[in-house]
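Biologist: Please put the model on screen. I would like to go through its charged side chains and its backbone one question at a time.

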Amino acid sequence: MLYILVFAPFLAALLMLAASGKDSRSASRLAVILSSLLFVSGLSLLVSGDYNTTPIQWFTIPGADVTVTFAFAVNGFSAWMVFLANIITLAALICARKSAGSNYRNYAVGLFTLLGALNGTFLAIDAVLFFFFFEALVFPAAILIGSYGGQERRAASLNFAIYTLVGSAPMAVALWYLITLAGTSYILPVAQAAQALPETTQAILFWCFALAFWVKTPLFPLHGWQAQTYAEAPAGLSAVLTGAMSKAGVYGFYFWVLAIFPAASFQNAKLLMGMGLLTALYGAFMAMRAKDIKKLLAFSSMSHLGLAIAGLFTLSIDVFPALLVLLVGHGLSASALFILSGSAERFAGHRLLDKMGGLANRNPVFAFFFGIASVLAIAIPGTAGFIGEFLVLVGLWGVCKVAAVVAGICIILTGVYMLRLIQKVLFGLPGEISEEQQKLRFPIADAVATAPLLLLLIVFGIHPQPISRTLDYTTSAQQQEEEIEAAISAAAVQPLSAEDSAKIAEVMAAFADSSAQVADVQLDSATNQMQTSEMQKNTEMKTENGEAQNDVR
């Protein structure tokens, strides 16, 4: 199933190329059917539990003697990220017929390619394979922005590509160094190799990894690409970027940085928590000042993801389930709002808030959907956003009360700028519009695309346990504590206090299930290698004995 989820989107992209480029109606039907099948396949991960695939050799890195494999595994976090990627891509394809027009086929090809890279990013457990998919995200997204975006699409596409590719360059160097030391690219040996290094070296490698995820999330001050990219991208693509691709940065911090560099993560936790809160505060204030509807939503997304990073670096396994609920809730609400912002832009002919008013009178159905989506984004009680934000706030309070106060201010400001958004778009003074725009009606496709997202926000707000229980590691943490403490004590780092060691052990327990999966895969691989080696030795011994007998004769 994991291979299907990763490679089937690329196959779907090839099938779309075989569809008619002139008949957008038939192309859209085919794209929605294929995306629906992928979404249903992704749902299986939510009920299957954690498991991994048998690795398949891909290639050997020259000079490092390391074989890269197609190795995938699913855990609670990655299962929900795949869910987000698939449902938001389906929504983006449903609503794209108006924006993509006659070029719908090529637009769908780009989205399917992006979906395959997203699924690969969330499921890969081979470090090089993960990096391949992580970087592959850039190319279909940049091409779609440059081809289907707004007036400044080319500048936005170039800015996005440069920021993300340059930000990942140090990670490529650090990754090559670590896999050379480890002799393999699986996460567990790479983590062991990293933890055996001097503390200074660990710190350098830690920041090389962190920089790549910092840019992709993004966090202040390396966020320069985000607002322009989200604003210029077509609405459906903006929904995928904010709802799914931005989560790749948070997932990278969670699954790769914390697992490979536990000591360095703990030592830099307060700094990253502070930068997360600064990002949340900065994004909230910028959203309050924004005059462009999509830039307001972009800064709102930045604020929520900053809060997520702050919660992650509390390094508390009690906060991790709340963090996942927050990310799922944000993905659903932000993607719905971006899709609806595309409708608002078509009605008004522009994205300026001050001239985009009176839509409640002109399009009451649109006003209903937009009003509901905006209110749910405020994270009122009964929504997934409320559960996630409140529990992250409680977690921050237990670590640092000042941090909790700052996070609380950010949550309050969310209500301020979202209510301003509702007032400007639905009830503000209407700007000048043409007769054709006056006749436009809210597309049924946009309603079909956003209704399930909004419904799930309420369902997960009432019953968040399906999300939160997937990251409940508290029951197994005590059983695995001794193993993890032994692994940490073997690392060549400066001695930590008992409190620090307990904290690191608590964090590493969250990754024990995934590490065990990788260890099983490596054990099978090592056994096969040993058997092959023994066979070779036996053959050589037989050959030598034969030659010796010939010499005696």
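Biologist: Is Arg 97 buried, partly exposed or exposed?

Modeller: This is a predicted model, and Arg 97 is found in helix 4. Arg 97 has 35% relative accessibility, so it counts as partly exposed.

Biologist: Which residues gather with Arg 97 in the patch of positive charge on the surface?

Modeller: Helix 2 (24-48) and helix 4 (96-100) each supply at least two residues of the positive patch. Besides Arg 97, the patch holds Arg 25, Arg 29 and Lys 98.

Biologist: How many residues apart in sequence are the parts tied together by Asp 292 and Arg 351?

Modeller: The side chains of Asp 292 and Arg 351 meet in a salt bridge at 2.7 Å, N to O. Asp 292 lies in the loop between helix 14 (269-289) and helix 15 (293-312), and Arg 351 in the loop between helix 16 and helix 17, so the pair ties together parts that are 59 residues apart in sequence.

Biologist: Is Asp 292 buried or exposed?

Modeller: Buried means under 20% relative accessible area. The value for Arg 351 is 16%, so Arg 351 counts as buried. Asp 292 has 10% relative accessibility and therefore counts as buried.

Biologist: Which residue forms a salt bridge with Lys 424, and how many Å apart are the closest N and O atoms?

Modeller: The closest N and O atoms of the pair are 3.0 Å apart, and the partner is Asp 354. Lys 424 lies in helix 20 (residues 401-427) and Asp 354 in the loop between helix 16 and helix 17, so parts 70 residues apart in sequence are tied together. Lys 424, at 23% relative accessibility, counts as partly exposed, and Asp 354, at 48%, counts as partly exposed. To restate the answer, the residue is Asp 354 and the distance is 3.0 Å.

Biologist: How many disulfides does the structure hold?

Modeller: A disulfide needs a pair of cysteine sulfur atoms within 2.5 Å. Cys 95 is buried at 7% relative accessibility, and Cys 208 is buried at 17%. The number of disulfides is zero.

Biologist: Which residue does a cis peptide bond join to Pro 221?

Modeller: Pro 221 lies in the loop between helix 10 and helix 11. Pro 218 lies in the loop between helix 10 (199-216) and helix 11, and a cis bond joins Thr 217 and Pro 218 with omega about -10 degrees. For Pro 221, omega is about 5 degrees and the residue joined to it is Phe 220.

Biologist: What is the phi of Ala 379?

Modeller: Ala 379 is in the loop between helix 18 (364-377) and helix 19 (384-399). With 10% relative accessibility, Ala 379 counts as buried. Although Ala 379 is not a glycine, its phi is positive, at about 65 degrees.

Notes:
Residues are numbered from 1 along each chain as its sequence is written. This is a predicted model: local features need pLDDT of at least 70, side-chain atom pairs count only at pLDDT 80 or more; totals for chains, interfaces and linings use all residues. Side-chain values use heavy atoms; hydrogens and water are left out. Patches are made of residues with over 30% relative accessible area and no salt bridge: like charges are joined within 9 Å, nonpolar side chains (Val, Leu, Ile, Met, Phe, Trp, Tyr) within 5 Å. Accessible areas come from the Shrake-Rupley method with a 1.4 Å probe; for residues, only the protein chains shown count as cover. A salt bridge is a side-chain nitrogen of Lys or Arg within 4 Å of a carboxyl oxygen of Asp or Glu. Lys and Arg count as positive and Asp and Glu as negative; His and the chain ends are not counted. The place of a charge is taken as NZ of Lys, CZ of Arg, CG of Asp or CD of Glu. Helices (H or I, at least four residues) and strands (E, at least two) are DSSP runs, numbered from the N terminus. Buried means under 20% relative accessible area, exposed over 50%, partly exposed in between (1.4 Å probe, protein chains only).
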